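Let's take a walk through this protein, from its overall build down to one strand and then the ligand site. Have the structure open and follow along.

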Amino acid sequence: MNQPSHTTAQRLRASFTLARASFQLDVDLDLPGHGVTALFGPSGCGKTSCLRAMAGLERAGGSMVVNDEVWQDDARRIWLPTHRRRLGYVFQEASLFPHLDVRRNIAYGMRRTPAAERRVALEQAVDLLGITGMMDRRPDTLSGGERQRVAIARALAASPHVLLMDEPLAALDAQRKLEVLPYLDRLHQSLDIPIIYVSHSPDEVARLASHMVLMESGRVLASGPTETLMSRLDLPLAHGDTASALVVATVAGYDRADQLLTLHSQAGPLHLPTAREHAVGDVLRVRIMAREVSLTRSPAKDSSVLNTLPARIASITDEGPGQMLVELDASGTTLLARITRRSCRQLGLAVGEAIHAQIKAVLLLD
Ligand SMILES: Nc1ncnc2c1ncn2[C@@H]1O[C@H](COP(=O)(O)OP(=O)(O)OP(=O)(O)O)[C@@H](O)[C@H]1O
């Protein structure tokens, strides 16, 4: 599929204040007007409130500009009601019309959009979400994952200028999540519609979002490229069991006999087993969990670990019971390694030293 081209001018700007009895939303966002941006943070930090304010479902004070369309500007007394904002909104649970079949549910999404402004054909939405074979079925005969795919297709069929998604996978079990995720991947790869995606799952964010906004208590802690924020030690994502680094890499080759993919990254070559062949030159993102990285003074020649990268120790942090988090600079790429305090002492690790990172597992995000 072709990647859409973008101009740097495409931005999504939102500035909101909202006071509730025991909660204050105060955010100022300047986001890319393309790709997936995740709103991430703990329960109650204000992600949904922010999304609803963007949609005009919540009357927050401030402003909202999508590319060049002004949806809200209190200073100029502009406030478009939700039905005049060209947006699609996908809730945690699909809210489909139970008496209409899938075709009519999706067609309903198109009704409000004048024919001349339809950028997404019904067939395209249906195809992207893989629901061609379900068009005559009623929602109550579909699985949760299928219903959610129909809800996304319906939102897309209105040719929105922004797609707002509020934890669209939250109501699905792990298996259904895996079923829907590839469709979400395809969406932003083939449609030039910016997606704002609320989530509190680091796995989903790592997989889908190129940009992320980290929220805490109604405020923005940080906003920037996902790979930067994921491994920044002053932010919560770099800590805990899901601590990881995201690495952008290019496919260098695939060994069919061993089903092993070789990637080139700034940090060095990476090998990972996969059944799926990729074309040489394809750009992929991989995730390296801190718990899968161990450290060695000299690269072992008789180890089963395939990936060993030279790196320099950038910092060492105490990470709770008996554990240390070692931040590594691998030729400009940040990696994180979680090791025991004892190993850290026995190896005599110190900031600035050269070391080798042994990576047991590299997760392909596609
Ligand atoms: N309609 C409402 N009236 C009063 N308070 C509300 C309302 N909706 C949300 N809140 C409060 O506003 C704060 C932010 O809620 P919000 O739903 O935006 O958080 P969130 O980050 O989306 O949480 P979650 O991940 O649990 O969905 C919370 O303290 C919540 O209790």
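## From the whole fold to the ligand

Of the 366 residues in the protein, 39% are buried. Keep in mind as you look around that this is a predicted model. The C-alpha atoms fill a box of roughly 65 × 50 × 40 Å along the principal axes. A compact globule with 366 residues would have a radius of gyration near 21 Å, and the protein comes in at 22 Å, so the two agree.

What is the chain built from? You'll find eight helices and 21 strands. As for how the chain folds back on itself, take the contacts with a separation of 6 or more: 67% of them join residues 24 or more positions apart.

Now zoom in on strand 7, residues 87–90. Is it covered on one face or on both? Both: Leu87 and Tyr89 are buried on one side, and Gly88 and Val90 are buried on the other. That every-other-residue pattern is what you'd look for, because side chains in a regular strand alternate between the two faces of the sheet. Strand 7 runs parallel to strand 8 (residues 162–166), and four bridges join the pair. To find your place there, look for Gly88, which stands opposite Leu163 in strand 8.

Finally, the ligand. Which residues sit around it? They are Arg20, Phe23, Gly41, Ser43, Gly44, Cys45, Gly46, Lys47, Thr48, Ser49 and His200. Helix 1 (residues 47–55) gives the most to this shell, with three residues. Sorted by class, the shell has seven polar, two charged and two nonpolar residues.

Note on methods. Residues numbered from 1 in each chain as written. Predicted model: local features only at pLDDT ≥ 70, side-chain atom pairs only at ≥ 80, totals over all residues. Near = placed C-beta within 6 Å. Helix = DSSP H or I, 4+ residues; strand = E, 2+ residues; numbered from the N terminus. Nonpolar A, V, L, I, M, F, W, Y, C, P; charged D, E, K, R; others polar. Buried ≥ 20, exposed ≤ 12 C-beta atoms within 10 Å, placed from the backbone. Pairing = 2+ DSSP bridges. Rg over C-alpha atoms; globule rule 2.2 N^0.38 Å. Contact = placed C-beta atoms within 7 Å.
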